[in-house]
Amino acid sequence: MQSVTNGLRVVSRRQTRHSLLLLQPHQVASTSRATVQWNSRRTAWTPMEWFRKTLTPQVREKDSEKEVEQAREKAKESGEASVFEYEDVEASEPAGDLPAAPKALGFSAKKAVEHRGATKTFKISHRKLNKLGRQIAGKPIDSAILQMIFSEKRASVRIKSMLAQAKGSAVARGMQEDRLIVSEAWVNKGKGGMGMQRMEIKGRGKMGVRTKYTAKMVVSLKEGLTLEEKKAKDREARLKRIVSSGLNREDVPLRNPSSQWAW
């Protein structure tokens with residue numbers, strides 16, 4: 001009777017141990033089943049594996065032309081394409097009268113010589129906005145838009161939209177697109193010239209005045225030289241400055257002649 005009881009106790013201990021192995025396989029690695037489950041937990045997803053797959057440089061297959069065109073059309077439909085991807089407005093009669101659509105918008109029948117565009121008055125310091133104005137002044141319109149696309153300033157988004165809209169309006173008024181340049185860019189202060197004044201609490205029971213400025217930017221678009229013409233003009237000016245060392249220089253007067261010998 002005692003031996004049978006001892007045998008039941010041994011069997012019950014074995015069953016309990018086997019159930020513990022199934023419930024907690026990561027604590028015991030003696031049996032083959034527990035070892036397989038332990039290895040499966042070790043090979044699970046880890047953050048470092050995700051970083052290694054996503055951040056390491058990999059070879060990327062080049063997209064076909066058909067896939068690129070489909071991506072561009074999809075971006076245009078969603079409004080996420082670049083301003084250079086959309087179809088430009090072409091003036092049908094750049095040298096004569098304007099088409100019927102610009103006349104209906106209130107533009108004059110003559111070809112425009114200058115077109116102005118401006119942003120709305122928004123909350124920004126005129127000193128900060130003037131730096132962006134200096135960055136685009138004197139540049140072609142496409143170059144100015146590119147400068148605002150890659151600028152890290154918060155106000156560059158507004159200025160980029162304003163430049164793109166001014167470009168389309170200038171082309172609709174008969175101005176040549178490839179000759180458009182930002183002739184001038186200036187900044188005006190907000191209404192009244194002074195911003196809102198608010199109280200600024202300071203230490204030791206004192207206070208100051210904080211001024212919140214508003215400003216807007218105005219640009220003037222005119223027709224100027226293209227990049228190729230500007231490069232040719234600069235090259236011609238540099239060539240004129242080159243003076244060859246000829247044998248006979250009697251026709252050129254001496255410049256700053258010394259009063260005595262140099263030694």
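The count of salt bridges comes to 8, where a salt bridge is a side-chain nitrogen of Lys or Arg within 4 Å of a carboxyl oxygen of Asp or Glu. The model is predicted, so local features need pLDDT of at least 70, side-chain atom pairs count only at pLDDT 80 or more, and totals for chains, interfaces and linings use all residues. Residues are numbered from 1 along each chain as its sequence is written, and side-chain values use heavy atoms, with hydrogens and water left out.

**Salt bridges**

| Pair | N to O distance |
|---|---|
| Arg179 and Glu229 | 2.7 Å |
| Glu200 and Lys202 | 4.0 Å |
| Glu200 and Arg210 | 3.1 Å |

Arg179 and Glu229 link distant parts of the chain, 50 residues apart. Arg179 sits in the loop between helix 8 and strand 3 (180-189), Glu229 in helix 9 (residues 227-241). Helices (H or I, at least four residues) and strands (E, at least two) are DSSP runs, numbered from the N terminus. Arg179 is partly exposed at 24% relative accessibility. Glu229 is also partly exposed, at 30%. Buried means under 20% relative accessible area, exposed over 50%, and partly exposed in between (1.4 Å probe, protein chains only).

Glu200 pairs with Lys202 and with Arg210. Glu200 belongs to strand 4 (residues 196-201) and Arg210 to strand 5 (residues 207-212), so their bridge ties together parts 10 residues apart in sequence. Glu200 is partly exposed, with a relative accessible area of 23%. Lys202 is partly exposed at 45%, and Arg210 is partly exposed at 43%.

Salt bridges also link Asp142, Lys167 and Glu177 in a network.

**Helix 6 against helix 8**

The axes of helix 6 (residues 126-136) and helix 8 come within 11 Å and cross at roughly 45 degrees. Axes are lines fitted to C-alpha atoms, for helices over the stretch in contact, and angles run from 0 to 180 degrees between N-to-C directions. The two helices are therefore oblique to each other. Angles under 35 degrees count as roughly parallel, over 145 as roughly antiparallel, 65 to 115 as roughly perpendicular, and the rest as oblique.

From helix 6, Leu129, Leu132 and Ile136 meet Ser156, Ile159 and Leu163 of helix 8. Contact means heavy atoms within 4.5 Å.

**Ser151**

Ser151 lies in the loop between helix 7 (141-149) and helix 8 (156-172). Ser151 is buried, with a relative accessible area of 19%. Leaving out residues up to four places away in sequence, Ser151 touches Leu132 and Ser156. Both residues also take part in the contact of helix 6 with helix 8.
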